[in-house]
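Please read the notes below with the sequence and the model open side by side. They are meant as a colleague's working comments.

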Amino acid sequence: MLSTIQPPRYLSRFPLRGRTKSRSFHILSSAQPVTKTCFAADKSQILSIRDSLLNRHLSAVELTHSYLDRLKQTEPHINCFLHVSDPDKVLKQAQDIDDKIKRNEEVGPLAGVLVAIKDNICTADMPSTGGSYILEGYRPPFDATAVKRLKDLGAIVVGKTNLDEFGMGSTTEASAFKVTANPWDLSRVPGGSSGGSAASVSARQCVVSLGSDTGGSVRQPASFCGVVGLKPTYGRVSRFGLMAYASSLDVIGCFGSSVADTGILLHAISGHDSLDATSSKREVPDFTSQFTYASSLKSRPLEGLRVGLIRETVDAGVDSGVKSAIEGAAAHLEQLGCVLKEVSLPSFSLGLPAYYILASSESSSNLSRYDGVRYGNQASSDELNVLYEESRAKGFGSEVKMRILMGTYALSAGYYDAYYKRAQQVRTIIRKSFKAALDENDILISPAAPSAAYKIGEKKNDPLAMYAGDIMTVNVNLAGLPALVLPCGFVEGGAVGLPVGLQIIGAAFDEFAKHKCLLNGFFERNL
Amino acid sequence: MASTLFRTIQIHPFFLYPTALFSRRNGVLYCTMKSSQTQTATQEKQQPPKVKVPQHALKKTVDKITRDYEAIIGIETHVQLSTLTKAFCSCPYNYGSQPNTNICPICMGLPGALPVLNSKVIEFAVKLGLALNCKLSLNSKFDRKQYFYPDLPKGYQISQFDIPIATGGYVDLDLPLEFGGGHRKFGITRVHMEEDAGKLLHSGNGDYSQVDLNRAGVPLLEIVSEPDMRTGIEAAEYAAELQRVVRYLGISNGNMQEGSLRCDVNVSIRPVGQSEFGTKVEIKNLNSFSSINRAIDFEISRQALLHSQGQSDQIVQETRLWEEGAQKTVTMRKKEGLSDYRYFPEPNLPEVILTQEYVDSISNSLPELPEAKRRRYEKMGLSMQDVLFLANDMNVAEYFDETLSSGADIKLAANWIMGDIAAYMKNKKLSINDIKLTPQELAELIASIKSGTISGKIGKEVMFYFYYRVKQFKHFRVQQLFYLQILYDF
């Protein structure tokens with residue numbers, strides 16, 4: 001079906017040099033060694049875990065141990081985490097869950113599920129640095145709403161993952177502390193800015209993880225690391241506790257090894273929050289009830305689903321390997337009954353410059369609060385201006401500084417109209433063109449990135465080339481739409497090939513339209 | 001009360017203080033850090049010539065000079081709203097609390113915190129906009145005003161830039177009689193919502209400063225007037241009228257001493273007949289209406305003198321501080337052009353959309369405002385002096401109205417309140433809400449006097465018993481005064 005390489009997969013497909021891990025990993029008692037590129041929807045890990053725990057096949061402590069061991073073994077090679085929770089605390093939480101189950105008490109739907117949180121999302125009991133020196137050691141006095149909701153449902157936070165500083169970047173190379181490696185090839189980047197979150201799910205150090213997506217920061221790493229990444233509609237999930245990068249573009253997104261898992265995670269964190277004035281009051285549908293298992297579907301389950309392949313995303317500039325993976329996926333969709341056609345969005349290329357102007361402008365303002373006066377690293381000085389200058393010069397990395405400079409310039413007197421205002425107008429055009437396209441089609445598809453994961457250091461000195469890689473993803477943020485990335489194939493590279501993800505874009509608040517669920521479920525199963 | 005308020009104003013003759021301007025190295029409260037934002041009086045370049053002139057002649061000269069010039073005065077007022085919680089978070093605000101006890105992640109500007117608008121702020125803004133006869137913007141928004149200062153936690157202030165909630169209004173007032181009286185109408189350019197910054201407490205020796213964020217995030221309404229005022233007294237009365245309006249509306253306690261009403265004044269002068277405006281000077285640190293008056297008069301004289309000496313180029317666009325002790329303005333910092341605040345719309349807050357129904361419902365719930373009251377009292381036949389006394393204090397007006405509604409004679413009620421009761425209050429330092437004579441009882445008293453049941457003199461004596469509520473007279477009824485009169489006559 002697919003023209004790309006399909007390497008054999010083992011449960012522990014982590015390609016360590018010289019050391020193949022052949023032992024089966026007993027995460028899920030009901031799981032069989034998976035021989036496909038990714039997990040199937042009906043093998044939702046969260047549901048399996050819940051099943052195992054409630055049926056006493058497995059204890060939460062055993063489960064936690066296996067994940068923590070895995071984390072300990074793999075972490076020195078991939079460096080996903082900036083902070084790992086104290087194992088004793090984590091095990092105690094697992095023990096509490098086991099005790100509750102023993103006493104036949106109710107446990108939350110996410111009980112026993114280990115979650116990793118991107119370090120720009122505030123957690124009260126752990127440092128939250130945003131990947132920056134300026135917040136080194138900073139401990140927030142509150143939990144982000146999304147984190148609070150996860151904890152209330154019984155999830156166990158296993159640690160804080162690495163990211164590009166304040167979400168600015170596509171590789172995690174801009175982190176002040178470390179560079180995360182792609183589990184598929186340790187010499188390559190995991191993507192960014194949520195590289196740590198994507199890699200930790202990919203390496204199975206945790207079940208699911210939270211990231212943030214301002215211009216593709218959940219979708220591109222999902223594509224690079226071969227996991228499912230979901231960017232919800234702007235306003236679906238509360239941003240309270242997410243360190244702001246670009247306030248009108250930021251969302252908190254989910255990583256999982258299956259679409260079902262990301263759906264369950266999304267449902268757990270969605271919903272109106274009185275602490276976020278931009279969070280939507282729309283009711284959150286139960287996404288999980290819309291999933292159907294492959295076995296119950298007929299031969300052409302997606303009959304009539306109108307799929308639009310965005311022409312501008314398979315034009316020049318996209319790797320041939322990626323192109324063929326996407327075209328293969330498109331062909332597969334047709335076989336499943338979709339009506340596929342090419343859609344043109346002429347304003348597509350305008351998105352990138354508009355995005356960088358808006359994001360830089362908003363971030364230059366959002367990062368003004370990091371001045372060393374009230375929290376974070378403070379450079380000592382007798383003079384106020386010097387204190388500001390030194391604290392920020394030493395605390396921020398070069399990528400962040402660059403964006404603050406660009407943003408300040410774009411907002412300054414005399415330039416606001418030409419840059420910021422103009423970019424907002426372009427944004428309106430892009431939003432309208434997406435809406436028109438989504439009126440004609442149920443979903444739109446495209447690659448998530450123009451290439452698979454590139455080598456660490458390759459794009460470091462060429463920021464514009466790195467920015468250009470965002471072309472597939474930024475328009476979705478500008479329009480505020482939801483998008484899902486799921487692995488759809490491989491390209492050559494690394495020891496066993498590099499994953500490529502297919503981006504599926506839906507209409508606003510339509511994260512898991514009925515058809516889409518069928519699509520996702522079935523699609524995954526048959527890849 | 002207008003008459004008592006201005007009794008304390010003394011007009012100081014303008015002496016030339018050639019050396020006094022230079023004698024203080026660090027005469028300003030705000031200059032403790034060596035930042036470019038504050039400069040002391042030592043940076044004044046020019047030394048005015050020393051002149052020895054007799055005082056009376058000096059005053060005459062000054063008056064003569066200022067007569068040749070017209071002063072253009074505009075005022076920016078910040079009103080701190082008395083909402084239960086701050087503008088964008090649920091922290092309470094209590095003036096005088098221990099530092100940093102009324103704060104939360106939102107008003108502290110912690111990473112990840114987001115503002116959520118307190119809807120009362122809009123309600124109060126609409127009330128004020130309507131009270132100032134403004135045109136309301138049914139669709140307005142918030143903007144970020146960006147600059148760095150330690151008392152501004154987020155590095156930007158959430159304010160309104162190009163679409164304020166109210167524009168184009170006016171305020172009617174009557175000048176106090178001791179200053180010539182007269183009706184005035186001053187324009188209001190705009191009213192907008194914003195949040196307050198924290199406070200900086202400077203150490204005695206200027207070594208360090210401390211940040212208190214209790215006040216950060218408190219809602220403010222900024223009122224910008226048209227440059228319609230021409231004298232210090234007009235400006236002071238404008239500020240007093242704003243205080244009355246906000247108190248009548250119940251949106252602020254309008255206390256200049258507490259900082260819930262702050263005025264910054266812009267003064268410029270131009271030769272009479274010239275249409276071009278002169279250079280504008282801003283004056284800060286005005287803590288009472290009388291200091292507004294005096295500061296403006298001083299500044300007008302200062303500028304007029306410089307003009308008349310041919311040194312009008314010495315008047316630069318700058319911010320000056322009013323020094324209450326020395327009774328003069330001194331340079332605080334020079335404005336190097338306009339600051340670039342890099343305004344852009346606040347992405348975390350949705351647009352403020354008002355429906356006509358909402359505005360109408362607020363409009364219908366507005367109390368009678370000072371101007372309306374003054375006109376009503378005037379129509380009742382009271383003299384201007386009476387009108388100003390009775391209408392300008394909300395509590396006095398309420399007392400008066402209630403006395404009238406209990407059936408008292410207008411003139412007599414006015415006289416009683418302005419005379420004996422006012423004197424008693426002044427003597428005992430009480431406000432009208434504190435005295436124990438209720439308006440109904442006053443009305444009864446007046447009625448008896450009017451009908452001849454008791455004499456005025458007895459009435460005054462009886463008042464004391466009411467004031468003190470002596471037990472024996474707890475159930476004292478006016479009819480019983482009749483017997484007292486008879487006894488007295490014996």
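The points below go through the basis of the model, a sheet, the cavities and a few single residues.

1. Basis. This is a predicted model, in which local features need pLDDT of at least 70 and side-chain atom pairs count only at pLDDT 80 or more, while totals for chains, interfaces and linings use all residues. Residues are numbered from 1 along each chain as its sequence is written, chains are lettered from A and ligands numbered from 1 in the order in which they are written, and side-chain values use heavy atoms, with hydrogens and water left out.

2. The sheet of chain A. In chain A, 11 strands form an open sheet of mixed pairing, in the order 3-5-4-6-8-7-12-13-11-9-10 (strands, E, at least two residues, and helices, H or I, at least four residues, are DSSP runs numbered from the N terminus; two strands pair if DSSP finds at least two bridges between them). Strand 3 (81-84) and strand 10 (339-343) of chain A stand at the edges with a single partner strand each, so one side of each is left without a neighbour in the sheet. Neighbouring strands of this sheet are turned by 30° against each other on average, direction ignored (axes are lines fitted to C-alpha atoms, for helices over the stretch in contact, and angles run from 0 to 180 degrees between N-to-C directions).

3. A strand pair within chain A. Strand 12 (residues 483-491) and strand 13 (residues 498-505) of chain A pair in the antiparallel sense over 8 bridges, and A:Gly489 has A:Val500 in strand 13 of chain A as its bridge partner.

4. A helix on the sheet. Helix 7 (residues 259-269) of chain A packs on the sheet, where it touches strand 6, strand 7 (228-231), strand 8 and strand 12 of chain A, and its direction makes about 145° with that of strand 8 of chain A (contact means heavy atoms within 4.5 Å).

5. Cavities. The count comes to 9 cavities of 30 Å³ or more, and the largest cavity has a volume of about 100 Å³ (on a 1 Å grid over the protein atoms alone, a cavity is a set of points where a 1.4 Å probe fits but cannot get out, and lining residues have an atom within 4 Å of a point; a volume is the space filled by probe spheres set on the points). Of the 16 residues that line the largest cavity, the closest to its centre are A:Gly169, A:Ser170, A:Ser217, A:Tyr355 and A:Asp470. Helix 9 (351-366) and helix 13 (463-468) of chain A are the elements that give two or more residues to this lining.

6. A loop glycine. A:Gly469 is found in the loop between helix 13 and helix 14 (471-479) of chain A, and it counts as buried because its relative accessibility is 18% (buried means under 20% relative accessible area, exposed over 50% and partly exposed in between, with a 1.4 Å probe and protein chains only). Leaving out residues up to four places away in sequence, A:Gly469 touches A:Ala449 and A:Pro450.

7. Chain B. B:Gln146, in strand 4 (residues 143-146) of chain B, counts as buried at 2% relative accessibility, and its contacts beyond four places in sequence include A:Ser365, A:Leu411 and B:Tyr156. In strand 13 (residues 318-323) of chain B, 6 of its 6 residues are buried. Strand 12 (residues 281-286) of chain B pairs with strand 13 of chain B in the parallel sense over 3 bridges, and B:Ile283 stands opposite B:Arg320.

Note on methods:
On a 1 Å grid over the protein atoms alone, a cavity is a set of points where a 1.4 Å probe fits but cannot get out, and a pocket is an open set with protein on both sides within 12 Å along at least five of seven lines; lining residues have an atom within 4 Å of a point.
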